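User: I'd like to go through the aromatic pairs and pockets of a protein model together. Could you take me through them step by step?

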Amino acid sequence: MRAVQVQEYGGPEVLRTVETEVPEPGPGQVSVDVAYTGVNFADLKARGEGYRVPSLPFVPGLEVSGRVRALGEGVSGVEVGQEVAALTAGGAYADVVVTDATTVFPLPSGVDLRTAATLPTVLPTAYALVHAVGRLQPGETVLVQGAAGGIGTAVGQLAKAAGASGVFGVVSGAAKAKYALDHGYDDVFVVPSTTDSVEFVEFVDEVRAATGGRGVDLALDPVGGETFRASLASLAVFGRLVSFGNASSAEPWRVGQPELYPTGLSVSGFSILTLAQTAPDALRALTEKAFAAVAEGVVSLPATAEFPLEEASEAHRLMGGRTSTGKLLLRVA
């Protein structure tokens, strides 16, 4: 079978299509004939700096849609040939992927395989940020970094559906701002990125102005570094900040009593990949709710670009150039 492999860390050019053995599922696992694979920023960090990579060589990719190929011992709840979406620990840039049965989800009625590939990481993450971790309440306001990306696209719609009185986004260009405004955002602040670390830090004044000086109730930050600190500075009294990534590759954020005590702020974190390892039942419940929101038309996630599997490097170049919006896919079968 084909797989896109990384044998050394580097730019998009290190992604190489190779022929390799078809993997077989072990106990508690499922193999999937892949139709589409979702491309995520975590894939770029894995390729470039070894994020969550156990060893070289490795095959990137965290989410797929396709049909169940084979079941490992003890697996129930899905059948061979059934259309599914799956969250994986890696290996999704391939014709066949093996993953734990706990992260394989039958498709909701009306959801096709192309749409399904956009869902496994983005939708449960967005749903958790708005509801499970962010606990957004009707009438509250929310600030989202990367508002035109996959998670940002879903969060804007989910926050509106949850009754947010103001949904604000931060993006790096005018085209992204227009896209975000079409997907649930009330106002979008354009802060051009001047470095590869994506330090969107010039938005605090804009947030305060848009909220009458109050700040936002909930801020969602996948960037880290200075952006994390600026997001914290954008919070209203009793505001909440959720960190769900470190795209800037800055030193891990630290915040303590001096920052939190004066206005009763709180900070929390979320990682869907870690949740899959530590609390798979919670992940499954979260994913079922997120997929239901798609089936009910509450949220949609456009696949804005699609590449053949062999052109995975082009997908990485597009995402790495920070001009993409929505969701990028690899077409496998």
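**Aromatic pairs and pockets**

Analyst: Happy to! Phe 168 and Phe 189 are both buried. Keep in mind that this is a predicted model.

User: How are the rings of Phe 168 and Phe 189 arranged, and what are their planes' angle and centre distance?

Analyst: The ring centres lie 6.1 Å apart, and the planes meet at 15°. Planes under 30 degrees apart count as stacked. So the pair of Phe 168 and Phe 189 is stacked.

User: Which elements hold Phe 168 and Phe 189?

Analyst: The two residues are 21 apart in the chain, so to speak distant parts that the pair links. Phe 168 sits in strand 9, and Phe 189 in strand 10.

User: Is Trp 253 buried, partly exposed or exposed?

Analyst: Trp 253 stacks with Phe 228, with ring centres 4.8 Å apart. Buried needs under 20% relative accessible area, and exposed over 50%. At 34% relative accessibility, Trp 253 is therefore partly exposed.

User: What is the volume of the largest pocket, and which class leads its lining?

Analyst: The volume is about 1,000 Å³. Among the residues closest to the pocket's centre are Phe 41, Ile 151 and Phe 244. The lining has 4 charged, 15 polar and 22 nonpolar residues, so by these counts the class asked for is nonpolar.

User: Which elements give two or more residues to the lining of the second largest pocket?

Analyst: That pocket holds about 500 Å³ of space and is lined by 27 residues. The elements are helix 1, strand 6 and helix 9.

Methods. Residues numbered from 1 in each chain as written. Predicted model: local features only at pLDDT ≥ 70, side-chain atom pairs only at ≥ 80, totals over all residues. Heavy atoms only, no water. 1 Å grid on protein atoms, 1.4 Å probe; cavity = no way out; pocket = protein on both sides within 12 Å on 5 of 7 lines; lining within 4 Å. Points joined across faces, edges and corners; volume = space filled by probe spheres on them. Helix = DSSP H or I, 4+ residues; strand = E, 2+ residues; numbered from the N terminus. Phe/Tyr/Trp six-rings, centres within 6.5 Å; stacked < 30°, edge-to-face > 60°. Buried < 20%, exposed > 50% of the residue type's maximum accessible area, 1.4 Å probe, protein only.
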